[in-house]
Amino acid sequence: MRFAEMRRFRRDPLGFLENLRRTSPVEVFWLPWGGWCVGDTGLALTVLTDRAFNAGMSGFFGSMLPSRSAQIDFGRAARAMLRTHTPEYRESLAVAVSEMPAVTRWPAAGVELVYRCTADMLLHPEGSPELRRLLERNARVGALRPARMVERARAQVLRAELSTALNEQIRDRLGATGCTAEAEPRDLLDAVIGACPDGVADTTVAQLYGLMFRSIVGPLGYSLAWSLLLGGLHSPGAPWPWPVDRVVREALRHRPVSWMVSRSVPCPAEFGGIAFRTGDQLSVSPYLLHHDRDRWTEPWEFRPDRWNGPGEHGPFVPFSSGPFTCAGAAVAHDLVTDAATTLTENTTVRVIGGGDTRPIVTNAATPRPFVLRRTSTTPARARPSPREEVRS
Ligand code: HEM
């Protein structure tokens with residue numbers, strides 16, 4: 001990408017993408033960082049759902065699992081584990097939110113809250129204390145998005161330490177009796193070990209666990225942060241006038257954390273008027289699909305009440321669509337809604353300063369840093385908290 005383009009992209013990534021689509025004479029346009037993006041909504045949905053683009057294995061797992069059926073079983077095992085442990089997650093939320101200071105820095109606070117409340121599901125409390133410590137640090141570092149070289153180097157060291165501790169824990173569990181596919185998983189690591197077919201190397205099991213850890217904590221925390229930011233900006237200092245699940249749904253529409261999903265072109269073919277070779281990358285942007293003015297009413301507006309009735313919905317794909325849809329979509333939506341509900345119950349939220357809803361885009365589209373003040377609306381709790389310091 002040229003320097004000027006890079007600057008424009010950094011300043012407003014989604015505006016940059018919209019501009020590429022608007023100025024492209026064809027329905028599939030070239031992305032300056034490589035590959036192609038399908039601008040037309042109908043064609044984009046074809047890429048996500050058509051058998052030709054979605055046969056064989058899912059790229060999400062790379063080559064870590066041996067077959068599509070192993071990938072599907074793996075996704076189901078992770079989802080089932082989260083579902084089973086949702087009641088404990090809700091209990092942890094109540095405690096964690098009651099201990100939160102009134103003023104918090106986001107999106108880091110969202111990722112930390114999600115991590116804190118899923119920590120026992122990710123690694124049960126009797127798991128290795130060293131591994132637990134490293135997972136916690138990893139979640140924090142991920143939330144802060146290391147920008148400087150020295151921070152990135154530290155993050156790399158942390159990843160290496162995590163990998164060593166994870167491999168040790170996997171060896172211990174596989175060596176101990178009781179960690180088999182049949183036993184009820186106590187945490188995500190048991191679920192991952194149990195879902196890996198025989199022959200998958202321990203180091204690959206560790207990588208799969210890392211992949212799921214990143215796919216759970218970050219996307220949930222950032223989706224929660226978008227919900228609080230957008231809900232807070234649109235009802236400043238007042239209780240939300242919408243049901244929380246509609247705020248979450250609308251935040252997932254307006255600012256999908258997964259802003260791009262990609263597919264490889266399976267064989268030479270013409271698509272959207274362009275000739276593609278095998279292996280070319282075609283991307284679909286949930287953001288563009290969610291802002292197609294032919295499919296949505298006032299797509300640029302944050303309007304949770306658009307979800308009141310069945311009438312005016314266009315394609316809603318924050319978790320993608322088709323055969324490779326996110327295995328955890330429904331449970332993820334529930335976990336974010338539970339957290340947003342606990343944070344806003346009898347409470348008003350106000351976004352202090354900012355109001356800039358352009359995301360920072362890496363693999364995920366995350367909110368720019370913002371500060372949130374939560375104020376209880378119940379008289380007994382309305383007194384100022386002695387711990388009203390800003391914490392991130
Ligand atoms: C807000 C949170 C989440 C978002 C936005 C999200 C989004 C996505 C997206 C866009 C994909 C790629 C689909 C594609 O390539 O078409 C995906 C795949 C996947 N996600 Fe999620 N996800 C979230 C949470 C979770 C959770 C909690 C789980 C735990 C079960 C999970 C498990 C998976 C799996 C296993 C896949 C691979 C599916 C396959 O290829 O078979 N995700 N997710």
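H7 passes H11 in a right-handed crossing. (A crossing is left-handed if the near helix is turned anticlockwise from the far one by less than a right angle, and right-handed if clockwise.) Helices (H or I, at least four residues) and strands (E, at least two) are DSSP runs, numbered from the N terminus. The model is predicted: local features need pLDDT of at least 70, side-chain atom pairs count only at pLDDT 80 or more, and totals for chains, interfaces and linings use all residues. Residues are numbered from 1 along each chain as its sequence is written.

The axes of H7 and H11 come within 8 Å and cross at roughly 140°. Axes are lines fitted to C-alpha atoms, for helices over the stretch in contact, and angles run from 0 to 180 degrees between N-to-C directions. On the H7 side, the contact includes Val-111, Val-114 and Tyr-115. H11 brings Phe-213, Ile-216 and Leu-220, among others. Two residues are in contact if their C-beta atoms, placed from the backbone, lie within 7 Å. This contact has 11 nonpolar, 4 polar and no charged residues. Here Ala, Val, Leu, Ile, Met, Phe, Trp, Tyr, Cys and Pro count as nonpolar, Asp, Glu, Lys and Arg as charged, and the others, Gly among them, as polar.

H7 also meets H6. Their axes come within 9 Å and cross at roughly 140°. That makes H6 oblique to H7. (Under 35 degrees is roughly parallel, over 145 roughly antiparallel, 65 to 115 roughly perpendicular, and the rest oblique.) The contact of H6 with H7 holds 6 nonpolar, 2 polar and 3 charged residues.

Now look at the backbone. Most residues other than glycine have a negative phi, and most peptide bonds are trans. The bond from Trp-106 to Pro-107 is cis, with omega near 5°. Pro-107 lies in the loop between strand S3 and H7. Asn-346 has a positive phi, near 50°. Is Asn-346 buried or exposed? Asn-346 is exposed, with 11 other C-beta atoms within 10 Å. (Buried takes 20 or more such atoms, exposed 12 or fewer, and partly exposed is in between; C-beta atoms are placed from the backbone.)

Ser-320 has a positive phi too, of about 70°. Ser-320 counts as partly exposed, with 18 C-beta neighbours inside 10 Å. Ser-320 is also one of the residues that come nearest the ligand, out of 26 around it. (Near means a C-beta atom, placed from the backbone, within 6 Å.) The shell divides into 16 nonpolar, 9 polar and 1 charged.
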